[in-house]
Amino acid sequence: MAFFWKIIGWLLDKMKIIGAGCLVGMTLLTCVDVVGRAFGHPVFGSVELVGFMATLAVVMALPYTHQVQGHIGVELVVRLLSEKTQTYIDICTGLLSLTLFGVVTWRMVVYAFTMQDSGEVSMNLELPEHLIIYVTAFCLLVFALNILEDTLKNIRKLKAL
């Protein structure tokens with residue numbers, strides 16, 4: 001089982017790099033497009049590409065942000081509680097988050113199948129949109145597994161208290 005979590009950790013590192021690459025790509029493409037527009041030669045399909053890269057940047061960063069606890073949390077009251085109570089709260093929020101992102105992942109896969117069956121493509125470049133949706137679903141699955149790992153750690157921590 002430890003090997004499985006190592007693979008998830010490896011995936012998190014690669015997803016973080018890809019997400020950062022998407023941010024850099026968005027910046028460069030936007031700059032080239034703005035300069036090109038000034039000279040009457042905009043980049044064809046730049047709005048679509050920036051939209052795809054923005055989507056990928058967000059979903060690629062979610063698992064890593066969770067891993068390093070970079071999300072915003074309201075801890076003013078919770079930190080005043082005992083460690084055991086805090087662990088109970090962490091387990092409850094973990095289970096709720098796991099349920100939410102499990103359902104969202106499942107529905108994204110269903111949505112991707114629907115888009116693939118309909119043959120939906122982007123407006124200008126005619127790129128198959130279902131591929132981005134599949135990648136999004138995969139990233140959300142990794143995120144859900146990351147939440148599961150943290151929840152299991154909190155359950156073990158609770159047993160040790």
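This is a predicted model: local features need pLDDT of at least 70, side-chain atom pairs count only at pLDDT 80 or more; totals for chains, interfaces and linings use all residues.
1. Start with helix 1 and helix 4. Helix 1 covers residues 2-38 and helix 4 covers residues 129-160. Their axes come within 11 Å and cross at roughly 130°. An angle over 145 degrees would count as roughly antiparallel and 65 to 115 as roughly perpendicular, so this pair is called oblique. As for its handedness, the crossing is left-handed.

2. Now look at who does the touching in that pair. From helix 1 you'll find F4, W5, I8, L11, L12 and M15. Helix 4 answers with F138, C139, V142, L145, N146, L148, E149 and L152. Sort the residues of this contact by class and you get 12 nonpolar, 1 polar and 1 charged.

3. Setting aside residues up to four places away in sequence, I8 touches V142 and L145. I8, V142 and L145 also sit together in the largest nonpolar core.

4. That core has 10 residues: W5, I8, L11, L12, M15, V59, M60, C139, V142 and L145. Helix 1, helix 2 (46-67) and helix 4 are the elements that each give it two or more residues. Which helix gives the most? Helix 1 does, with 5 residues. Apart from this core there is another one, made of 8 residues, including C22, F52, L56 and I132.

5. Next, bring in helix 3, which spans residues 83-118. The axes of helix 3 and helix 4 come within 8 Å and cross at roughly 160°. Since anything over 145 degrees counts as roughly antiparallel, helix 3 is therefore roughly antiparallel to helix 4. The crossing of helix 3 and helix 4 is left-handed, and so is the crossing of helix 1 and helix 4.

6. What's in the contact of helix 3 with helix 4, by class? There are 23 nonpolar, 9 polar and 5 charged residues.

7. Finally, have a look at T151, a residue of helix 4. Is T151 buried or exposed? Its relative accessibility is 3%, and the cut-off for buried is under 20%, so T151 counts as buried. Leaving out neighbours within four places in sequence, T151 is in contact with I91, G94 and L95.

Notes:
Residues are numbered from 1 along each chain as its sequence is written. Side-chain values use heavy atoms; hydrogens and water are left out. Axes are lines fitted to C-alpha atoms, for helices over the stretch in contact, and angles run from 0 to 180 degrees between N-to-C directions. Helices (H or I, at least four residues) and strands (E, at least two) are DSSP runs, numbered from the N terminus. Angles under 35 degrees count as roughly parallel, over 145 as roughly antiparallel, 65 to 115 as roughly perpendicular and the rest as oblique. A crossing is left-handed if the near helix is turned anticlockwise from the far one by less than a right angle, and right-handed if clockwise. Contact means heavy atoms within 4.5 Å. Ala, Val, Leu, Ile, Met, Phe, Trp, Tyr, Cys and Pro count as nonpolar, Asp, Glu, Lys and Arg as charged, and the others, Gly among them, as polar. A nonpolar core is a set of buried Ala, Val, Leu, Ile, Met, Phe, Trp, Tyr and Cys residues joined through side-chain atoms within 4.5 Å. Buried means under 20% relative accessible area, exposed over 50%, partly exposed in between (1.4 Å probe, protein chains only).
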